[in-house]
Amino acid sequence: MTELERSLLRRLRDRDERAFRELIEGHRDRVFNITFRMLGNRAEAEDVAQEVFITVFKTIETFREESKFSTWLYRVTVNHCKNRIKYLARRHDRDRDELDETSNGHNNNHAIGGPGPTAPDRALEGAQMEKLLQDAIGNLDDEHRVVVVLRDVEDLSIEEICEITGLPDGTVKSRLHRARLALRKKLQRHVGDEA
């Protein structure tokens with residue numbers, strides 16, 4: 001840990017609000033990327049990212065400096081995402097009938113629009129591929145989603161992922177392999193349908 005990070009930690013432990021803003025500025029993008037990839041919904045991801053920073057600020061004294069600060073921060077982020085996923089699943093189960101009634105008769109493709117495939121728009125294709133990828137990641141089991149987001153989206157090392165998740169090296173590699181196979185299968189099926 002650098003002296004700058006130690007200084008930031010001391011200031012955070014002293015409840016320095018400027019240090020809190022520095023923490024957010026330094027880690028906002030990565031925390032949001034993790035929450036967005038885990039949750040697949042921008043509004044939920046923003047809410048969870050805010051909750052992560054508030055939790056870190058409130059519980060900074062529990063960080064024992066046995067790992068990198070970023071590792072601890074990402075562990076908090078992943079745990080918040082898992083909790084939100086469970087909450088949303090319970091809420092979805094409870095509200096499923098109501099949601100089904102409100103969605104009947106609506107065309108879910110209205111946002112895509114456009115004159116059709118005769119003049120493909122590269123930006124639209126990129127956005128559609130991004131949505132397809134996000135949907136595929138969102139359909140993974142939680143245990144697979146975590147490792148693929150941390151490794152392939154956030155480019156963290158296997159060792160960092162082991163520290164964040166508390167899983168052994170072999171388990172992380174195995175889950176990552178299975179997640180990548182599942183993603184490849186889903187994406188190839190979709191791309192194959194359009195070819």
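A salt bridge here is a side-chain nitrogen of Lys or Arg within 4 Å of a carboxyl oxygen of Asp or Glu. The model is predicted, so local features need pLDDT of at least 70 and side-chain atom pairs count only at pLDDT 80 or more, while totals for chains, interfaces and linings use all residues. Residues are numbered from 1 along each chain as its sequence is written, and side-chain values use heavy atoms, with hydrogens and water left out.

**View 1. Salt bridge between glutamate 154 and arginine 30.** The closest N and O atoms are 2.8 Å apart. Glutamate 154 sits in the loop between α6 and α7, and arginine 30 in helix α2, so the pair ties together parts 124 residues apart in sequence. Helices are DSSP runs (H or I, at least four residues), numbered from the N terminus. Glutamate 154 counts as buried, at 4% relative accessibility. Arginine 30 is partly exposed, with a relative accessible area of 30%. Buried means under 20% relative accessible area, exposed over 50%, and partly exposed in between (1.4 Å probe, protein chains only).

**View 2. Salt bridge between glutamate 22 and arginine 11.** The closest N and O atoms lie 2.8 Å apart. Glutamate 22 belongs to helix α2 and arginine 11 to helix α1, so this pair ties together parts that are 11 residues apart in sequence. Both ends are partly exposed: glutamate 22 at 38% relative accessibility, arginine 11 at 23%.

**View 3. Salt bridge between aspartate 169 and lysine 173.** Here the closest N and O atoms are 3.2 Å apart. The two residues are 4 apart in helix α8, a separation of about one helical turn. Aspartate 169 is partly exposed, with a relative accessible area of 33%. Lysine 173 is partly exposed too, at 45%. Elsewhere, salt bridges that share partners join Arg11, Asp16 and Glu22 into one network. The structure holds 17 salt bridges.

**View 4. The largest nonpolar core.** This core has 43 residues. Leu12, Val56, Phe69, Leu73 and Leu150 have the most contacts inside it. Helices α1 (3-13), α2 (17-39), α3 (42-59), α4 (69-103), α5 (122-138), α6 (142-153), α7 (158-165) and α8 (169-194) each supply at least two of its residues. The largest share, 8 residues, comes from α4. A nonpolar core is a set of buried Ala, Val, Leu, Ile, Met, Phe, Trp, Tyr and Cys residues joined through side-chain atoms within 4.5 Å.

**View 5. Contacts of leucine 150.** Leucine 150 touches Ile34, Val78, Asp155, Leu156, Ile161, Ile164 and Thr165 (heavy atoms within 4.5 Å). Residues up to four places away in sequence are not counted.
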